[in-house]
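Dear colleague,

Please find the structure that I am handing over to you below.

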Amino acid sequence: MADQVKIMILSGVREQGKDMFAVQVNDEIFVLDAGLKYPDSSLFGIDLVIPDLDFFEQYGDQVVGIFLTHGHADSIGALPYILRDYDIPVFGSQLTIELAKIKVKRVNKRCKNSLFHTIDAETEIDFKNANISFFHTTHSIPDSLGIDVHTPAGEVVYTGDFKFDPSAAPNYRTDMDRLAEISQKGVLALLSDSSNAEASFPNNSEQSIGDYVTNVFRNTEGRIIVAAKASNIIRMQEVFNAAQQTGRRVLLTGRDVAKITRTAMELGYLKVPKGLLMRVKDLKTTPENKTVIVETGQTGEPLNSLQKMAQNRHSMITIHKGDLVFISTTPSHSVETRLAQTSDMVYHAGGTVIQLGHAKHTSGHATGRDLQLMIDTLKPQFLIPVIGEYRLLEVHKDLATKTGMKPENIFVTKNGDCLNYDFKQKKLYLTDPVPGEDTMIDGSGIGDVGNIVLRDREVLSDDGIFIAVVTIDRRKKKIIAEPQVTSRGFVYIKANHKLMHDSIELIKETINNNFAHKKFDWTEIKQDVRNDLEKFLYKQTNRRPVVLPVVMEVNQNRHRAMQKRNADRQMSPKQRFNQKPEQKD
């Protein structure tokens, strides 16, 4: 049987986050990363977005493992939902595996520990059809790894999130010798990080960033509130170092930060001097000029918590005059507006804001020159830009052509694309797609919210809802009681009595017309009410609320019983005593 090599783009292109790719070699599939992304403002009520779980429904029996590059949510966040239904082995570095366990155990406490396997950059794993090995990369979290899949057609290399920083600490340093070794084997395809492809300036070294953070702390007289991501271990270390050097103590807030910090400390990736950390009760006795509060938030971005602090709605902290809010993360494009709003709230509360990203180039992702260096080092036959929005993939393609790659050997893909390698013609080509849609997480629901529900939520947010309730007797073909109408988010009812009155008259007219000219049908009578109200309300207001007609049928026996009870209540006790009982035939 002839060998088969496919590269599957399951998620993580033309978007930011939610990284998941796969390499199929004959009957074995190797999944690379399994991440999530946080929703933008268009996904009303959605908590998280993960890759299409239908892939595992269709191909789960061929998946031999999930191989992780690092411990950020964009690489490990989908694991809890995958491992809920599928017992698939998971491989990653020590810190990555521990962070993955924290994520998984929060959703699925019964998940088997035996599924998790710790590897390092020296590990090689032999499977029936392929060999998997790893190499050190530089990112904002220690022990980040790239992945090399050795196939019969050559090496398929996935960089994960990376950048080059020659001055990085040993746990963060890219192994250039290993990259050269992989290049000697012959690289078939390179799946390379595109997140920062537009950057024309080099990233500042982490050493210079650490010095800058310390200077900010030293020059601040009041309390410092640091907005950070809990899993950005290198930034957390810089904050701890600055606090120690300026004689401050640190309070950790946020759901994840304590667990992640404790795990990183136990594994030796975070150095925290004894006595540096404090508890909430210590805030009262610690001077403000000796206090640092690290806020990591609930969903990756700490902005919501900062807004609550600025508006006196936070459970522990209130921002006041003299406070400095130090935003140590580089926010994604989707939250830039919220960041500006948050800064405005902080200033209203009396605080000030410093953004690290305004003073330093702090990205944990490769600049354009880094991407070209990776291409020059590995010399791939084919390039597949991944991890980034569409424009970034195109910029990455343009950078690659400037290194000498042919445009026809660079694939700007979309989620769900599958590339097959032709051994005879020695080229990649698109073949039948694989599942590549989004899976929405809303509360405890997984994938039960689709485009129709989101469209309804969008309409509700735009023009509100209009509810019409009417009770009918279909046998007598008459309306029993005056229709009731109400609305939410549409108009202020007290100021629109005429609109409400006219709507009631229209409902009565519509139902009477239906009785007079049509055979009774529940669906049809509701549809008539909905259609007529939609047209009327748009004509009157130029708005399109969601119209919800509720048509109820009176229960005749219950109706008579209620009439009798009401009549009985109106009788005097003497009248009820003298009333003759009904005689039965």
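This is a predicted model: local features need pLDDT of at least 70, side-chain atom pairs count only at pLDDT 80 or more; totals for chains, interfaces and linings use all residues.

Residues are numbered from 1 along each chain as its sequence is written, and side-chain values use heavy atoms, with hydrogens and water left out.

Helices (H or I, at least four residues) and strands (E, at least two) are DSSP runs, numbered from the N terminus. Two strands are said to pair if DSSP finds at least two bridges between them.

The parallel sheet

Six strands make up an open sheet with parallel pairing, in the order S15-S14-S16-S13-S17-S18. Its edge strands are S15 and S18, each of which pairs on one side only. Strand S14 (residues 249–253) pairs in the parallel sense with strand S16 (residues 291–295) over five bridges, and Leu252 has Val294 in S16 as its bridge partner.

Strand S17 (residues 324–327) is joined on one hand to strand S13 (residues 224–227), in the parallel sense, over four bridges. On the other hand, four bridges link S17 to strand S18 (residues 352–355), again running parallel.

Helices on the parallel sheet

Axes are lines fitted to C-alpha atoms, for helices over the stretch in contact, and angles run from 0 to 180 degrees between N-to-C directions. Contact means heavy atoms within 4.5 Å. Helix H9 lies across S13, S16 and S17, at about 150 degrees to S13, and H10 lies across S17 and S18, at about 145 degrees to S18.

How do H9 and H10 pack, in angle and in distance between their axes? Helix H9 (residues 303–310) and helix H10 (residues 336–348) pack at about 25 degrees, with their axes 9 Å apart. H9 is therefore roughly parallel to H10 (angles under 35 degrees count as roughly parallel, over 145 as roughly antiparallel, 65 to 115 as roughly perpendicular and the rest as oblique). Their crossing is left-handed, a term that applies if the near helix is turned anticlockwise from the far one by less than a right angle, with right-handed used if clockwise. In this contact Leu303, Asn304, Leu306, Gln307 and Ala310 of H9 meet Arg338, Leu339, Thr342, Met345 and Val346 of H10. The contact residues divide into six nonpolar, three polar and one charged (Ala, Val, Leu, Ile, Met, Phe, Trp, Tyr, Cys and Pro count as nonpolar, Asp, Glu, Lys and Arg as charged, and the others, Gly among them, as polar).

The axes of helix H4 (residues 94–107) and H8 come within 10 Å and cross at roughly 150 degrees. These two helices are therefore roughly antiparallel to each other, and the crossing of H4 and H8 is right-handed. Leu95, Glu98, Leu99 and Ile102 in H4 meet Lys259, Ile260, Thr263 and Ala264 in H8. By class, this contact has five nonpolar, one polar and two charged residues.

The mixed sheet

Another open sheet has six strands in the order S8-S9-S10-S11-S12-S19, with mixed pairing. Strand S8 (124–126) and strand S19 (382–386) are its edges, each pairing on one side only.

Loop residues

Most residues other than glycine have a negative phi, and most peptide bonds are trans. Arg14 has a positive phi, near 60 degrees, and Lys18 has a positive phi of about 60 degrees. Arg14 lies in the loop between strand S1 (5–11) and strand S2 (20–25), and Lys18 lies in the loop between S1 and S2. Is Lys18 buried or exposed? Lys18 is buried, with a relative accessible area of 0%, whereas Arg14 is partly exposed at 40%.

Yours sincerely

Methods
Buried means under 20% relative accessible area, exposed over 50%, partly exposed in between (1.4 Å probe, protein chains only).
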